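Reader: I would like to learn how to read helix packing and strand pairing. Please take me through some cases.

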Amino acid sequence: MTSDYNPPFGASEKMNSVSHRLRRGLGFAAMALALTAVEDATAQFPPEPPLPGQIRPLQIPPFDKVTEANGLEMVLVENHELPIVSISLTMPAGSSYDPVGKEGLAGLTSEVLLRGTESRTAEEIAAEIEGVGASLNSGAGPDFFTLSTTVLKEHVELAFTLISDVLLNATFPQEEVDLALRRMFSSLQAQEGQPDFLVNKFFRAAVYGDHPYGRTATSTSVGTITRDDIVNLHAARLRPGGSLLVLAGDITLDEARNLVRDGLGEWVGSAPARGEFDVADPQPTEILLVNRPGSAQSNILVGNLTMRPGDPDYYAAVIANRVLGGGFDARLFMILREEKGWTYGAYSSHTRPQGVGRFQINTEVRTEVTDSALSEIMYQAQRMRTERLPDIELDAAKGYLVGRFPRLIETPQQVAEQVRIVRLLGLGDDYMSAYRDRLGAISSLDIIDVAQRLVLVDSAAIVVVGDGPSIYEKLAAIAPVRIVDTDGNPLTPADLDPDIAPLEVDPSRVVARRDSFQITLQGNPIGTQVTELSSAGDSLIYHETTSVPMAGLNQTTTLVLGSASLDIRSLDQTMQMGPFTPQSHLVFDLERGAVVGRVESPDQQTGAVTGVDIDRPIREGLLISDALRIVVPTLSLSEGASFKVRLIDTTDGGVKIVSITVAGTEEVTVPAGTYQAYRVELTGLEGGVVFYLSGDDHRLVKVEPIGQPIVFELVR
């Protein structure tokens with residue numbers, strides 16, 4: 001049994017003394033004296049914690065509201081304690097206004113807006129604002145486009161000058177647009193295969209349908225954006241009508257109005273209203289399985305649409321979310337992580353945009369417990385709808401939320417941000433002052449009532465991104481399952497385990513050689529890798545050693561293959577990573593017709609060794625992931641050629657279907673020289689990888705894990 005009691009300062013030392021004396025065998029008299037000392041030390045503290053005190057009224061500074069002649073609404077929060085002014089200008093031009101097929105336009109515009117005007121270069125803009133110890137920030141959310149900065153009072157005129165300049169005179173230099181496009185395109189390409197990107201993309205589409213909130217920027221949509229699109233958005237949407245300027249700090253109303261008139265008086269016009277969009281109607285609960293072959297984990301998102309801003313049920317919803325999954329001590333986290341050990345975290349959230357919000361539960365779990373985790377999530381969601389919340393949980397959630405709120409409005413900048421949200425979402429001028437009282441008035445019956453709206457277990461959208469062959473049948477036992485690939489193309493259950501013919505390899509392309517690679521991280525050398533392929537009788541022996549000193553990593557791999565058909569015979573692999581030494585040993589037992597052994601790898605979060613015992617039938621053409629470096633160079637490579645292979649992934653022991661695609665040819669320069677090389681993309685393993693093979697002898701000259709800053713380059 002554990003206790004929450006913390007002894008007073010000095011009492012713990014006395015307790016240790018008592019323990020020491022008892023171990024020395026002192027008699028009852030000494031024991032009594034010692035226990036008396038402890039009693040004296042603790043008697044001054046009451047046995048029960050004090051009752052909570054009354055909530056003190058919040059000291060929310062008053063604010064002024066003014067609408068300027070050009071239609072700009074201004075809110076001023078005066079606070080003269082410090083000579084600082086916070087400025088936030090918000091315009092209705094977020095990503096939900098992006099034209100269909102050009103998702104990402106608002107975000108791209110926010111990046112290049114500060115990259116030059118008619119009188120200032122990007123460098124000059126940055127130098128001026130940074131020269132006064134501040135920064136000018138530009139960003140786009142789902143609904144709004146925001147320019148913001150915080151400066152000393154003496155530099156507030158400079159801040160307005162720069163804001164005015166970028167709003168009225170931005171030139172969007174083509175070279176800056178091209179640079180931003182390349183950066184965003186590359187970033188999205190790296191993200192698009194990742195499970196967290198996929199699960200959010202498909203979930204938003206599932207709950208919002210054709211509504212703009214349901215769309216996601218992709219490398220394809222960004223690839224269609226031109227400078228003209230950016231110029232048109234700037235001209236049409238970054239207008240004062242319908243926009244909100246919030247100033248907070250050491251500034252008076254007269255000073256603020258003069259600054260606005262001088263700096264933004266020539267800024268005119270209104271953005272066109274956004275059209276009305278219907279959201280998707282709720283449908284019976286269905287699981288959308290996004291097949292991501294090779295995923296070691298499953299990403300789960302469960303949720304539905306909820307309410308609009310200003311809904312009186314919002315306060316009960318905040319408490320319900322806090323209890324279910326709104327923190328490290330919430331039910332989902334404590335059960336799925338602490339009790340079950342299925343995940344590193346499980347959370348819920350309630351999103352409140354300008355339009356219809358959504359409620360969602362998200363977690364990442366090991367593949368083998370995907371169905372168990374989803375079932376537990378649905379069970380806990382149902383509990384919120386049907387079981388009265390115990391007072392201890394209700395009081396704890398209220399106490400946290402009520403106690404936290406004053407810390408969100410301690411500074412003028414924080415007050416300004418809350419005022420901005422209140423005004424943009426139309427929450428009412430008493431929102432901040434009444435927030436804690438409204439939370440405090442919520443009862444456990446109110447929680448049940450709001451949970452009927454917040455958590456729609458019978459019409460929830462459920463998206464699971466994971467290894468389809470491993471989880472489909474288990475998920476189908478929970479709810480109807482619809483399957484798509486990562487591009488959204490429909491799949492059938494049969495597509496998850498297709499018949500795959502053995503690869504047609506050319507053993508004559510196997511060359512006995514010793515190659516050395518350097519390993520770089522973001523262009524900086526961090527380690528080495530040496531590979532050696534030799535023959536011994538009717539076998540090929542592949543030996544590989546990898547060393548990354550800064551990570552404390554050393555690994556050796558020995559793989560034995562048949563020289564005639566490159567069939568796998570055995571694998572032995574040992575890794576040293578800090579104090580951990582995972583090992584993998586596999587044997588293809590032809591007499592039994594089975595692959596037997598064990599694969600181990602370090603846990604991604606803790607480094608601790610995790611392992612899987614392997615004993616599965618040998619299917620024709622079955623390979624091991626470590627053999628791809630040997631097998632791929634023996635294929636008949638040409639632009640557009642593609643192959644599929646079924647293999648055992650030695651990082652987690654799962655059987656994956658890997659696609660091998662020759663995406664093209666390009667010139668590659670590595671320390672060993674410059675090569676005209678095939679770019680061969682391998683997808684289906686966790687993350688994927690790109691091989692660059694020289695065009696003449698298919699020598700491996702470069703390896704790039706997709707979406708990672710690590711590169712292996714041939715040295716000699």
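Author: Start with two helices. The axes of helix α11 (residues 314-325) and helix α14 (residues 391-404) come within 9 Å and cross at roughly 110°. This is a predicted model, where local features need pLDDT of at least 70, side-chain atom pairs count only at pLDDT 80 or more, and totals for chains, interfaces and linings use all residues. Residues are numbered from 1 along each chain as its sequence is written, and side-chain values use heavy atoms, with hydrogens and water left out.

Reader: What describes two packed helices?

Author: The angle between their axes and the distance between the axes. Axes are lines fitted to C-alpha atoms, for helices over the stretch in contact; angles run from 0 to 180 degrees between N-to-C directions. Helices are DSSP runs of H or I with at least four residues, strands are E runs of at least two, and both are numbered from the N terminus.

Reader: Which residues in α11 and α14 meet?

Author: Contact means heavy atoms within 4.5 Å. Val318, Ile319, Arg322 and Val323 in α11 meet Glu393, Leu394, Ala397, Lys398, Tyr400 and Leu401 in α14. The contact has seven nonpolar, no polar and three charged residues. Nonpolar means Ala, Val, Leu, Ile, Met, Phe, Trp, Tyr, Cys and Pro; charged means Asp, Glu, Lys and Arg; the others, Gly among them, are polar.

Reader: Now strands. How many bridges join β16 to β17?

Author: Two strands pair if DSSP finds at least two bridges between them. Here 10 bridges join β16 (residues 539-548) to β17, and the strands run antiparallel. Val548 stands opposite Leu553 in β17. The two strands form a hairpin with four residues between them, and Gly552 in the turn has a positive phi of about 65°.

Reader: What joins β17 to β18?

Author: Nine bridges, again antiparallel, with β18 spanning residues 568-577. Leu571 in β18 is the bridge partner of Leu559. This hairpin has five residues between its strands, and Leu566 in the turn has a positive phi of about 60°.

Reader: How many residues of β17 are buried?

Author: Seven of the 10 in β17 (residues 553-562). Buried means under 20% relative accessible area, exposed over 50%, partly exposed in between (1.4 Å probe, protein chains only).
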